[in-house]
Amino acid sequence: MQRRDFLSSMALGASLLVPVGRSAWAASGDSATRQKLIVVMLRGAVDGLNVVAPVGDPNYRRLRPSIGLELPGAEGGALDLDGYFGLHPALAPLLPLWQQKQLAFVHASGSPDDSRSHFDAQIYMETATPGRKSTPDGWMNRLVAALPGESTASRAMSIGPLMPRILSGDAPAINLPNGAGGTRADALDRPAVGAVFDQLYGGHARFGRAYGEGRVAHKEVMQAAMSQEMQAADNGAPLPNGFPDDAARLAGLMRSDPRMQVAFIALGGWDTHANQGAATGQLANRLAPLGLGLATLAQRLGPMFAHTSIVVMSEFGRTARQNGNAGTDHGHGNAMWLLGGRVAGGKVYGDWQGVGDDALNEGRDLPVTTDFRSVLAQVAEKHLGLPDKQLARLFPDMPRKAPGFQLFQA
């Protein structure tokens, strides 16, 4: 292990990215970080056609005789959204948010690049520069740099095993591991050990700044986490493992520390080439904790949910026609999800052209009729208040044509 890596891990109990030549921002008032953004990335290409299923189109079941959802009201049926689209029944915890008009979908959305490589497509989604792998930073990192007001190193965070590409760049960001261990005390929280390391590295010419900023960021996260964990203990048994637990922890951290504004979490297991299932089975087993986790996140945020937008996205969709293994293969267009207090919800947006053979991209999957960056641009502009000039820097190659719908209430 390199000495700098050791210092970072000891100081944080998490990863900290600090820009060279810049110090972590000072704490500021709550107003600059009042509007929150949480992005959930479903790595592996979730099947949007079974998440928001066009059950009103007879072509849907023709293309998916064994994995397609039944009509609402039937056994294994979708949950009715608007008489044409139906929600996967494993996502039932999200139905109240739809009914309260705090959940919307943008169908046939995604990257204009036609790559079917998970690795490449995820890079394009995380950098927001489709077709260009050389972009050095992620769009969420550029967003943090563009947001008004001062901040601490914990203004942007991710939950996962490694710092993701989407938050890499010049702006500071922290990474917490999945599970409750991410907010547990480490060796440096012991006063005697911490004092020794402070003497060794606090004034070090080369490592002092990284060490000091790491200690500050870790302290901020720990202060927020302690109150959340103590409240959980008072309320009884812990939540189940997995995303619902991470979602509850994230909500607790954001409520405890208003300086936290932007968060990212990635979930895997969506590459369902075989035995995907319909209302039950492999996909349903993945969607159930996702739906529960998102509902938990909205509920645990409490009043803060009114000022929060949650975006769920995946690198591409899956084929409209099921394959010979009762699964689906890599596709193109997908469905983006948007949750939040100011979302103009209760609608499925997008230029939907159906799933007839003549409407499919290359005769096999949904076309991309809404560029994913135009959805993110509305989040940045309408929710976070970024002006046009900054949007152009945030999404440098985005087509200037507006998508024709507004995802946020006036």
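Student: Okay, N275 first: buried or exposed?
Tutor: N275 is exposed, because its relative accessible area is 57%. The cut-offs are under 20% for buried, over 50% for exposed and partly exposed in between, worked out with a 1.4 Å probe on protein chains only.

Student: Before we go on, what kind of model is this?
Tutor: It's a predicted model, where local features need pLDDT of at least 70 and side-chain atom pairs count only at pLDDT 80 or more, while totals for chains, interfaces and linings use all residues. Residues are numbered from 1 along each chain as its sequence is written, and side-chain values use heavy atoms, with hydrogens and water left out.

Student: Which residues does N325 touch?
Tutor: Leaving out residues up to four places away in sequence, N325 touches H273, A274 and N275. A contact means heavy atoms within 4.5 Å. N325 and H273 are 52 residues apart along the chain, and their C-alpha atoms are separated by 7.1 Å.

Student: Where is N325 found, then?
Tutor: N325 is in the loop between strand 10 (308–314) and strand 11 (334–340). With a relative accessible area of 49%, N325 is partly exposed.

Student: Back to phi. What about A108?
Tutor: A108 isn't a glycine, yet its phi is positive at about 55°. A108 is part of strand 6 (residues 103–110) and is buried, with a relative accessible area of 1%.

Student: New topic: how many aromatic pairs are there?
Tutor: The rule takes rings of Phe, Tyr and Trp (its six-membered ring) with centres within 6.5 Å; planes under 30 degrees apart are stacked, over 60 edge-to-face and the rest tilted. The count comes to seven aromatic pairs. One of them joins Y84 and F85: the ring centres are 4.8 Å apart and the planes are at 85°, so this pair is edge-to-face.

Student: How exposed are Y84 and F85?
Tutor: Y84 is partly exposed, at 24% relative accessible area, whereas F85 is buried, at 6%. Y84 also pairs with W352: their ring centres are 6.5 Å apart and the planes are at 70°, so that pair is edge-to-face too. Y84, F85 and W352 form one aromatic cluster.

Student: On to helix 11. What's its span?
Tutor: Helix 11 (residues 372–383) has 12 residues and reaches 16 Å from its first C-alpha to its last, close to the 16 Å expected. The expected span is 1.5 Å times one less than the number of residues.

Student: Last one: how do helix 9 and helix 10 cross?
Tutor: The axes of helix 9 (residues 243–256) and helix 10 come within 8 Å and cross at roughly 20°. The two are therefore roughly parallel to each other. Among the residues that meet there are F243, P244 and A247 in helix 9, and P289, L290 and L292 in helix 10.

Student: And the whole protein, how many helices and strands?
Tutor: The protein has 12 helices and 13 strands. Of its 410 residues, 56% count as buried.

Definitions and conventions: Helix = DSSP H or I, 4+ residues; strand = E, 2+ residues; numbered from the N terminus. Axes fitted to C-alpha atoms, helices over the stretch in contact; angles between N-to-C directions. Parallel < 35°, antiparallel > 145°, perpendicular 65-115°, else oblique.
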